[in-house]
Amino acid sequence: MKKFVIVGSGRQGIAVAYDLLSSSYDDTHYVTMVDIDSLFLEKALKKISKITNNQNLKGIAADVTNESEMLNILSDADVMISAVPYEFNLGLTKLAIKSKTSMVDLGGHTNIVREQLSMNDEAIESGISIIPDCGMGPGMNITMAVLATEILDQTDEIYICDGGLPQKPTPPWNYSLFFNIEGLTNEYDEQAYFLNKGYIVEVPCFSAIENIEFDNFGILEAAVTSGGLSTMPWTFKDRLKVLENKTLRYPGHWEWMKAYRELGLFDREPIDHNNKKIIPRDFYHQLLEKKLDHGRVEDVCLMRIKALGKKDSKKMELNIDAVEYYDKNLDLTAMEKWTGWHISIMALEVAYKRIKEGAISVENALRGHVFLEEAKKRNYKIKINIKEV
């Protein structure tokens, strides 16, 4: 018997619960979902029960910042899955260590992840595993890049591009909101960290936009966004010469976002407007969220890992392509599946003691081939092609 606590009953939390309750393991899985909003929680529980037909599910309305409440909820749990915004993850990590409950989360902010990883000794002392930054990106994109290094005998360069898109884009932004808008702007702001000639380099968001062609979708635009590689550049700086990650969008999207940033709408510092203090980013979110939130959208997620290196002493180019579509039967978006199922796979590996104890970065926690086998069980559409160059 394995017990999982999912903190957050939003889109990804639902996908995680579905996967944990549907996974074929010898043990029975029990899932407790926690959310401060009881009505939101009840709606999520109804959906999960409908698509899983599983009775091993319950919900608790609680504030995740309430230590005594959370310690009580975690008292007999094997793994806690954090599916709440990244600003809660540091506090939840401390709770995980205190309650001796392993934890995986959706991350999204590399500096917070670094603080979590600094708690490695405390995690080992508590006998638990802490794996931040799971999900689609960072998360699955990193694991797929690790898979590339396992296939090649020597890997020199890795280029990653991925993105979640509406199947039917609506101008002018050609995008739909699939997660919290603060998380989206966080990706679009500040800078990314890549490897160039083996050195860690800082690269500004929206730079180096390039056209990349995908079957059935034509030309898409790939641009630099922040946080997609998490700590991977530091982990692989002595193994790779080049490591890059870009986000895919339909043509035209990036020019709009660049204009908003140049206008100052991403700024967090208050400004004076009609004798009132307003924060540009909050104002921007209030206006744009309504335009991008199209409700349940039939989406598609695309990912490509291009790796250059050697296999059997020959120079090779390896391409790993993956595509996922909205599931009408489950009413789960492609983004929910790729995000929620990567973290649930990680949670299962932790629960069954196949990942060592400690606070471990996602690239060090899960082998690429292990993920590939689990992905096949979930009918992921992944194509691997290798050719001599």
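Here are some questions and answers about a predicted model.

Q: How many of the twelve residues of helix 1 are buried?
A: Helix 1 covers residues 11-22, and its end C-alpha atoms are 17 Å apart, close to the expected 16 Å. Its buried residues include Gln12, Gly13, Tyr18 and Asp19. Helix 1 is mostly covered, and the buried count is ten.

Q: Which helices and strands do the buried residues of helix 1 pack against?
A: Among the buried residues in question are Ile14, Val16 and Leu20. The buried residues of helix 1 have several partners. They pack against strand 1 (2-7), strand 2 (29-35), strand 3 (57-61), strand 4 (79-82), helix 2 (38-52) and helix 12 (334-351).

Q: Why does the span of helix 11 agree with what its 13 residues should give?
A: Helix 11 runs over residues 280-292, and each residue counts for 1.5 Å, so the helix should span 18 Å.

Q: Where is the kink in helix 11 centred?
A: Helix 11 has a bend along its way.

Q: What covers the buried residues of helix 11?
A: Those buried residues are Pro280, Arg281, Tyr284, His285, Leu288 and Leu292. In an α-helix, residues three or four places apart point the same way, because there are 3.6 residues a turn. The cover includes strand 13 (271-273), strand 14 (276-278), helix 8 (181-188) and helix 10 (253-263).

Q: Is histidine 253 buried or exposed?
A: You'll find histidine 253 in helix 10. Leaving aside neighbours within four places in sequence, histidine 253 touches Trp173, Tyr175, Tyr188 and Glu221. Its relative accessibility is 0%, and the cut-off is under 20%, so histidine 253 counts as buried.

Q: Which residues are closest to the centre of the second largest pocket?
A: This pocket has a volume of about 330 Å³. Its lining is made of 16 residues. Closest to the centre are Asp215, Asp321, Ala322, Val323 and Lys383.

Q: Which strand gives the largest share of the lining of the second largest pocket?
A: The elements giving two or more residues to this lining are strand 15 (299-311), strand 16 (314-325) and strand 18 (381-388). The largest share is five residues, and it comes from strand 16.

Q: How many residues of the lining of the second largest pocket are charged?
A: Sort the lining residues by kind and you get three groups. Eight are nonpolar and three are polar, while the charged ones number five.

Terms used:
Residues numbered from 1 in each chain as written. Predicted model: local features only at pLDDT ≥ 70, side-chain atom pairs only at ≥ 80, totals over all residues. Heavy atoms only, no water. 1 Å grid on protein atoms, 1.4 Å probe; cavity = no way out; pocket = protein on both sides within 12 Å on 5 of 7 lines; lining within 4 Å. Points joined across faces, edges and corners; volume = space filled by probe spheres on them. Helix = DSSP H or I, 4+ residues; strand = E, 2+ residues; numbered from the N terminus. Nonpolar A, V, L, I, M, F, W, Y, C, P; charged D, E, K, R; others polar. Expected span 1.5 Å × (residues − 1). Bend = angle between axes of the 7 residues up to and from the residue. Buried < 20%, exposed > 50% of the residue type's maximum accessible area, 1.4 Å probe, protein only. Contact = heavy atoms within 4.5 Å.
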